[in-house]
Amino acid sequence: MTRINLTLSEETLHHLISGDDKGISMLLREALNQILEHQRTEQIEAARYERTETRRGLRNGYKPRKLNTRVGTLNLRVPQIRDGVFSTELFRRYQRSEQALVLALMEMVVNGVSTRKVARITEELCGTEFSASTVSSLCKQLDPIVEGWKNRSLAGQAFPFVLVDALVIKLRDNGRVRPHSTMLAIGINAEGNREILGFQVGDSESESSWTDFFNSLKNRGLSGIDLVVSDDHRGLVNAVQTCFQGVTWQRCQTHFTKNILDKCPKSLQAELKARLRTVFEANDTETARKLAKGIHEEYADKAARAVETLDQGFEDAIAVLALPEYYRRKLRTTNSVERLNEEIRRRERVIRIFPNPESAVRLIGAVLMEHHEEWSEGRRYFDMSSYWSWKKEQESAGKNDCRISA
C-alpha cells in the first residue's frame with residue numbers, strides 16, 4: 001500500500017490545536033492537495049527535478065477547483081501535466097456520497113418537508129441556491145451510477161460465505177412517513193475478498209421481502225454459497241431455506257446471546273454470559289455440546305426461560321464449528337454487516353426522514369459503493385486455501401459438513 005507523508009502548515013496546526021472549526025477544513029484541504037501532487041508524481045514516474053529514463057511528462061502548474069464537503073467548500077490545486085492529461089479518481093469517489101447526502105437534504109427542502117435548520121445546512125453544503133431543476137440535474141448524474149453498481153453481475157465467481165442483515169429507515173411514501181427495511185448482503189468470494197453483494201429497500205423485513213431480495217441476487221449470478229450468517233428473524237430464515245436449499249445457516253452468536261440473557265434474571269446475566277462464551281469458543285462441536293449440557297443442568301431451575309432459549313437455538317448457533325478454526329471468528333456473527341449499517345446510519349441521522357424511496361436508494365447505494373471500492377483495493381479478508389483443502393477432504397471422505405439440509 002502506498003504511504004503518503006503529509007506536511008501541515010503552522011497555520012493549520014494552530015487552528016487544529018486551538019479547536020477552531022476552520023482547522024478541520026484546512027487539514028482536509030492540505031491533505032487532498034498533497035494526495036493530488038503524489039498522484040501526479042506517480043503518473044509521470046518522476047519526482048520534482050528528478051531525471052529518469054522512464055519519465056512520462058513534465059509538471060505544468062496547477063488549476064484551481066472547488067470541492068464541496070460537509071466541512072465547507074475546499075479550494076484545491078489540481079496538478080497539470082504538459083502535453084498530457086492528469087487523471088484522478090479523487091473527486092468522483094469523494095463526491096459520490098456527498099452528492100447523495102446533499103440531494104436528499106435538497107429534496108426535503110424542495111418538497112416542503114424540511115426545517116429551517118436543514119435548509120440552512122443544505123445551502124452551506126451546496127454553496128449556492130438550489131431549485132427542483134438543480135435536484136433533477138444532479139439525480140441524472142448520480143442515479144445511473146448507483147443503479148449500475150446495484151444491478152451489476154455477480155456471475156463467474158463463487159461466494160462460499162454470505163452475511164445478511166437489515167436496518168430500519170423512515171421515508172415518505174405516498175404522503176405518509178413509514179418505516180422501511182433496508183436489506184443488505186455481503187459475501188466472501190472464492191479468493192477470500194469481501195464484496196458488498198447488494199441491498200434493497202423493502203416495505204418490511206417479511207419473508208416475501210427477503211425472498212425477493214435473495215432472488216434478485218441469484219438472478220444477478222450469486223452462486224456457490226456454503227454458509228449464510230444472519231440473525232434469527234423468522235422471515236429471513238425461511239427465505240434462506242427457500243432460496244438457498246442445502247446451505248448451512250449460522251445464527252449470529254451475538255444476537256443469540258442477547259436473546260438468552262434477555263430471558264435470564266439480571267443477577268445471573270454476567271456469569272451466564274461468560275459460560276456462553278466458552279461454549280461458542282469451543283474447539284469442536286462435541287465439546288460445545290458438553291459445555292451447553294452443563295449450563296442446562298446448572299441453570300435449568302435458576303433461569304428456566306434462558307435455558308429453553310439456549311436449547312432451541314443451540315445447534316444453529318454452533319454450525320460454524322464445522323469449519324476450520326481460522327474461519328470461525330469472523331463468521332460466527334453478523335458484526336461486519338452491522339458495521340456497514342452503522343456507516344449508513346451515521347449519514348441517515350442527518351436526513352432523519354427520506355423524502356422518497358429514490359433518495360434512500362441513492363444515499364445508501366453511494367455509501368456502499370465507496371466501501372465496496374475500499375474493500376476491493378484492500379487486503380484479502382480470508383486466505384481461502386485451507387478452506388478449499390478442507391472441503392475437498394470432506395467430499396472425498398463422503399461427508400458434507402459444510403452444507404446441511406435446510
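Reader: Which residue is the bridge partner of Val229 in S7?
Author: Gln250. Keep in mind that this is a predicted model.

Reader: How do S6 and S7 pair, parallel or antiparallel?
Author: Parallel, over four bridges. S6 covers residues 227-230.

Reader: What is the strand order in that sheet?
Author: S5-S4-S3-S6-S7. The sheet is open, with five strands and mixed pairing.

Reader: Which strands stand at the edges?
Author: S5 (194-202) and S7 (248-251). Each has a single partner strand, so one side of each lacks a neighbour in the sheet.

Reader: And what does the twist average?
Author: 25° from one strand to the next.

Reader: Back to S5. How many of its residues are buried?
Author: Eight of the nine, so S5 is largely enclosed by the rest of the structure.

Reader: Which helices lie across S5?
Author: H6 (residues 207-219) is one of them, and it also lies across S3 (161-173) and S4 (176-188). H6 runs at about 140° to S5. H14 lies across S3, S4 and S5 too, at about 175° to S5.

Reader: How do S4 and S5 pair, parallel or antiparallel?
Author: Antiparallel, over eight bridges. Met183 stands opposite Gln200 in S5.

Reader: How many residues are between S4 and S5 in the hairpin?
Author: Five. Gly192 sits in that turn and has a positive phi of about 95°.

Reader: Which non-glycine residues have a positive phi?
Author: Glu45 and Asn174 are among them. Glu45 has a phi of about 60°, and Asn174 one of about 55°. Most residues other than glycine have a negative phi.

Reader: Where do they lie?
Author: Both are in loops. Glu45 is between H2 (22-44) and S1 (58-69). Asn174 is between S3 and S4.

Reader: Buried or exposed?
Author: Glu45 is partly exposed, with a relative accessible area of 37%. Asn174 counts as exposed, at 74%.

Reader: New topic. How many residues are in the largest nonpolar core?
Author: It has 39. Those with the most contacts inside it are Phe161, Ile188, Ile196, Leu323, Leu331, Leu368 and Phe382.

Reader: Which helix gives the most to this core?
Author: H14 (residues 357-377), with nine residues.

Reader: Take Leu331. What is it in contact with, beyond four places in sequence?
Author: Phe161, Leu163, Ile188, Leu227, Val229, Gln250, Val320, Leu323 and Phe382. That list includes Val229 and Gln250, the bridge partners we started with.

Reader: Now helix packing. At what angle do H8 and H9 pack?
Author: About 145°, with their axes 10 Å apart. H8 is residues 253-262 and H9 is residues 266-280. The crossing is right-handed.

Reader: Which residues make the contact?
Author: From H8, Gln253, Phe256, Thr257, Ile260 and Leu261. From H9, Gln269, Leu272, Lys273, Leu276 and Phe280. They divide into six nonpolar, three polar and one charged.

Reader: And H7? Which of its residues are buried?
Author: Gly235, Leu236, Val237, Ala239, Val240 and Cys243. H7 spans residues 234-243. Its buried residues pack against S3, H6, S6 and S7.

Reader: What about Arg152, buried or exposed?
Author: Buried, at 16% relative accessibility. The cut-off for buried is under 20%. Arg152 is in the loop between H5 (132-150) and S3.

Reader: What is Arg152 in contact with, past its sequence neighbours?
Author: Leaving aside those within four places, Glu195, Ile196, Leu197, Arg220 and His372.

Reader: One more residue. Where is Val78?
Author: In S2 (residues 72-82). Val78 is buried, with a relative accessible area of 12%. Val78 and Asn33 are 7.3 Å apart, C-alpha to C-alpha, and 45 residues apart in sequence.

Reader: Last, the overall picture. How many helices and strands?
Author: 15 helices and seven strands. Of the 406 residues, 45% count as buried. Among contacts between residues at least 6 apart in sequence, 65% join residues at least 24 apart.

Key. Residues are numbered from 1 along each chain as its sequence is written. This is a predicted model: local features need pLDDT of at least 70, side-chain atom pairs count only at pLDDT 80 or more; totals for chains, interfaces and linings use all residues. Side-chain values use heavy atoms; hydrogens and water are left out. A nonpolar core is a set of buried Ala, Val, Leu, Ile, Met, Phe, Trp, Tyr and Cys residues joined through side-chain atoms within 4.5 Å. Buried means under 20% relative accessible area, exposed over 50%, partly exposed in between (1.4 Å probe, protein chains only). Helices (H or I, at least four residues) and strands (E, at least two) are DSSP runs, numbered from the N terminus. Contact means heavy atoms within 4.5 Å. Two strands pair if DSSP finds at least two bridges between them. Axes are lines fitted to C-alpha atoms, for helices over the stretch in contact, and angles run from 0 to 180 degrees between N-to-C directions. A crossing is left-handed if the near helix is turned anticlockwise from the far one by less than a right angle, and right-handed if clockwise. Ala, Val, Leu, Ile, Met, Phe, Trp, Tyr, Cys and Pro count as nonpolar, Asp, Glu, Lys and Arg as charged, and the others, Gly among them, as polar.
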